[in-house]
Amino acid sequence: MTTVTEHDVQLLRDALGPLRDREQVAARLLEASAKHSFDPEKELDWAAPIEDGKWFWPPELVSLYDTPLWHRMSEEQRMDLARHEGASLASLGIWFEIILMQLLVRHIYDKSLTSDHVRYALTEIADECRHSMMFAKMIRKAEAPAYPVPRIYHNLARVLKTVSTTPGSFAATLLGEEILDWMQRLTFPDERVQTLVRGVTRIHVVEEARHVRYAREELRRQMVTAPRWEQEFTRLSCGEAARVFSVCFVNPKVYDNVGLDRREAVAQVRASGHRRQVMQAGARRLTDFLDDIGVLRGAGRRLWKSSGLLA
């Protein structure tokens, strides 16, 4: 079997152009991390009171927005739903980040411990630790419950962490990061939203931009150099991850907790053209990238379509 060296990788191309040197990418990301990293405990005013009349999530991003049920709800109930959905998304973010941290540790286990590539992975893991604590503290500040994913998907993630290929790990990483990142980019400049939530999303957007760059560059490299079976398995696992992500995106218990009929709410979300457009818009930058590098093919593409994230 032929071994692909780092020199060989530098000479390889994909549909997006030449592959970049792994160490050079990591060195730039380490430099950016040194300049633009945040300590949420110090950056955010956790002692400030919750602001009356402000949302915990932009209304247009709330799952029931512009449905018949939404139009029947009072403004107070809509804002309460936004608060619970914000807690649900923060809970989902913590779940994804814990998975990501374990996948990153697996990725660097056999690599040079003194390389910039490994140093940046460890830097990202430290970022994700802070993000998870920040999200948990935000949930408590909102006086909302945590919303864990259903047990079946919680346990399915154990399987993913065991069998995931390296490119599959980075594809799943991008899935968990890019859609929420798109929503958060709409949230942090929105003056209708709680100041604390805007601060949390601003920190996350700035630091996640580096994480996305790292994952994209590594996924490109892996999809060029991985054996064919691994590429095919990655397409399937990525498609299944998209399906699970779309199911878990908002925990249906949020509807119970604001006094709505869960079955009616879920049915209206599924039928909502606005919601479908929001989710597909949030995923579009990612799906365009995955399509360009050959991930969205065959059965994997069909799974993406069934998730509702790909038109």
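**Entry 1: the whole chain**

I began by reminding myself that this is a predicted model. I then looked up the secondary structure and found 14 helices and 2 strands in the protein chain. Next I wanted to know how compact the chain is. Its radius of gyration is 20 Å, close to the 19 Å that the globule rule gives for 311 residues, so the chain is as compact as a globular protein of that length. I also noted the box that the C-alpha atoms fill, which is roughly 65 × 45 × 30 Å along the principal axes.

**Entry 2: inside and outside**

How much of the chain is buried? I found that 53% of the 311 residues count as buried. The chain exposes about 14,800 Å², and carbon and sulfur atoms supply 54% of that area. I looked at contacts too, taking those with a separation of 6 or more: residues 24 or more positions apart account for 82% of them. For charges, I wrote down 44 positive and 43 negative side chains, with the centres of the two sets 4 Å apart.

**Entry 3: E178**

I went to helix α8, residues 166-187, to find E178. Is E178 buried or exposed? Its relative accessible area is 6%, and buried means under 20%, so E178 is buried. I then asked which side chains it meets through polar contacts. One is the side chain of R216, at 2.9 Å, and another is the side chain of R285, at 3.1 Å. Leaving aside neighbours within four places in sequence, I listed the residues in contact with E178 as V212, R216, G282, R285 and L286.

**Entry 4: E76**

My next stop was helix α5, residues 75-108, where E76 lies. E76 is exposed, with a relative accessible area of 66%. I checked its distance to G53, which is 23 residues away along the chain: their C-alpha atoms are separated by 8.9 Å.

**Entry 5: two positive phi angles**

I looked up D66 in the loop between α3 (40-43) and α4 (68-72). D66 is not a glycine, yet it has a positive phi of about 65°. At 46% relative accessibility, D66 counts as partly exposed.

I finished with E143, which sits in the loop between α6 (116-141) and α7 (151-163). E143 is not a glycine either, and its phi is positive at about 55°. Its relative accessible area is 70% and exposed means over 50%, so I noted E143 as exposed.

Notes. Residues are numbered from 1 along each chain as its sequence is written. This is a predicted model: local features need pLDDT of at least 70, side-chain atom pairs count only at pLDDT 80 or more; totals for chains, interfaces and linings use all residues. Side-chain values use heavy atoms; hydrogens and water are left out. Helices (H or I, at least four residues) and strands (E, at least two) are DSSP runs, numbered from the N terminus. The radius of gyration is taken over C-alpha atoms; the globule rule is 2.2 Å times the number of residues to the power 0.38. Buried means under 20% relative accessible area, exposed over 50%, partly exposed in between (1.4 Å probe, protein chains only). Contact means heavy atoms within 4.5 Å. Accessible areas come from the Shrake-Rupley method with a 1.4 Å probe; for residues, only the protein chains shown count as cover. Lys and Arg count as positive and Asp and Glu as negative; His and the chain ends are not counted. The place of a charge is taken as NZ of Lys, CZ of Arg, CG of Asp or CD of Glu. A polar contact is a pair of N or O atoms within 3.5 Å; within protein, one must be able to donate a hydrogen and the other to accept it, and residues adjacent in sequence count only if both atoms are side-chain atoms.
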